[in-house]
Amino acid sequence: MALSTDPTGPYRRMPLQAAGSVSVDFTSVGIGEALETATRWSEHSHPVHELLWNDVGSSTLRVGPRTWTVTPTIGLWLPAGTVHTAEAPAGTVYRATYFSLDSLSTTTAPQPPDEPSSVRITGLLRELLNRLSDQNLAPTSRRLTEAMVLDVLSPAPHQFLIHEPATPLLRPIADALLQNPADPRTLGDWARELTVSERTITRAFRAETGLGFTRWVGAVRIQRATSLLADGESLEDIAAAMGYRSPSAFGAAFRRHTGTTPSSLRR
């Protein structure tokens, strides 16, 4: 199976492959790499399922208008055939485990999500995935380990993703906040700047992203903060960078959006 047509370098061209379009000689296989330079992967898809996570640092993966964050504690399940791009800064150590379609169709374990989904990389799941990276693992042990992975694999309570709006009305807001999550402009400020009503902006955000303005801004800040947490930044610095008055205010907002504490996402 061709995982990449350009296996090194800062820009990697990858093939588009439909689910099951390529015959593979494995049920599961793990890979990993320490990136010496910032790296981008072109739009591509795999004929097999993929579970991504990082040993070090954070990276992003984009499917259409949706962008997920991947860290040592937050992985991403990607069903076979999902077209996506990815980016990772220098110093990232990424990991990926690929599962053949047959490995899922022949197991009695719970089936994974049928769409991209954030998953919590627990200590148990990490050890199981590490075991699948062992090329000398006996077939019986591999099948048992694959079933255990599927048994403990579940969507994270909070999906660490951003749905970027594309309409002309919302692009100025999205561009400003994605460039600077601490942008202090309120819904009222944006309404005056764009000469529309607050209700118009709120309705547009809900229609395109499923979130109102305030929730979307919070999601942007939480996603960026999650990357900074993975990079080892202090809570004080993260709170300031995201526009919060204090680490406690940041922690409260983080718990409100994700149901967990910032420190729980540090490896």
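Reply: A salt bridge is a side-chain nitrogen of Lys or Arg within 4 Å of a carboxyl oxygen of Asp or Glu. The model examined here is predicted.

Me: How far apart are the closest N and O atoms of Arg 126 and Asp 55?
Reply: Arg 126 belongs to helix H2 (residues 123–132) and Asp 55 to strand E4, 71 residues apart, and the pair links these distant parts of the chain. The two residues form a salt bridge, and the separation of their closest N and O atoms is 2.9 Å.

Me: Is Asp 55 buried, partly exposed or exposed?
Reply: Buried requires a relative accessible area under 20%, and exposed requires one over 50%. The relative accessibility of Asp 55 is 21%, so this residue counts as partly exposed.

Me: Is Arg 126 buried or exposed?
Reply: The limit for a buried residue is a relative accessible area under 20%. Arg 126 has a value of 8%, and therefore Arg 126 is buried.

Me: How many aromatic pairs does a search of the whole structure find?
Reply: Rings of Phe, Tyr and Trp pair if their centres lie within 6.5 Å. A search of the whole structure on this basis gives a total of six.

Me: What kind of aromatic pair do Trp 41 and Tyr 94 form?
Reply: Planes over 60 degrees apart count as edge-to-face. The ring centres of Trp 41 and Tyr 94 are separated by 5.7 Å and the planes by 90 degrees, and the pair is edge-to-face.

Me: How many residues apart in sequence are the parts that Trp 41 and Tyr 94 tie together?
Reply: Both Trp 41 and Tyr 94 are buried. Trp 41 is in strand E3 (residues 39–44) and Tyr 94 in strand E9 (residues 93–99), so the parts tied together are separated in sequence by 53 residues.

Me: Are the rings of Trp 77 and Phe 99 stacked, tilted or edge-to-face?
Reply: Stacked planes are under 30 degrees apart and edge-to-face planes over 60, while the rest count as tilted. The centres of Trp 77 and Phe 99 are 5.8 Å apart with the planes at 45 degrees, so this pair is tilted.

How values were computed: Residues are numbered from 1 along each chain as its sequence is written. This is a predicted model: local features need pLDDT of at least 70, side-chain atom pairs count only at pLDDT 80 or more; totals for chains, interfaces and linings use all residues. Side-chain values use heavy atoms; hydrogens and water are left out. Helices (H or I, at least four residues) and strands (E, at least two) are DSSP runs, numbered from the N terminus. Buried means under 20% relative accessible area, exposed over 50%, partly exposed in between (1.4 Å probe, protein chains only).
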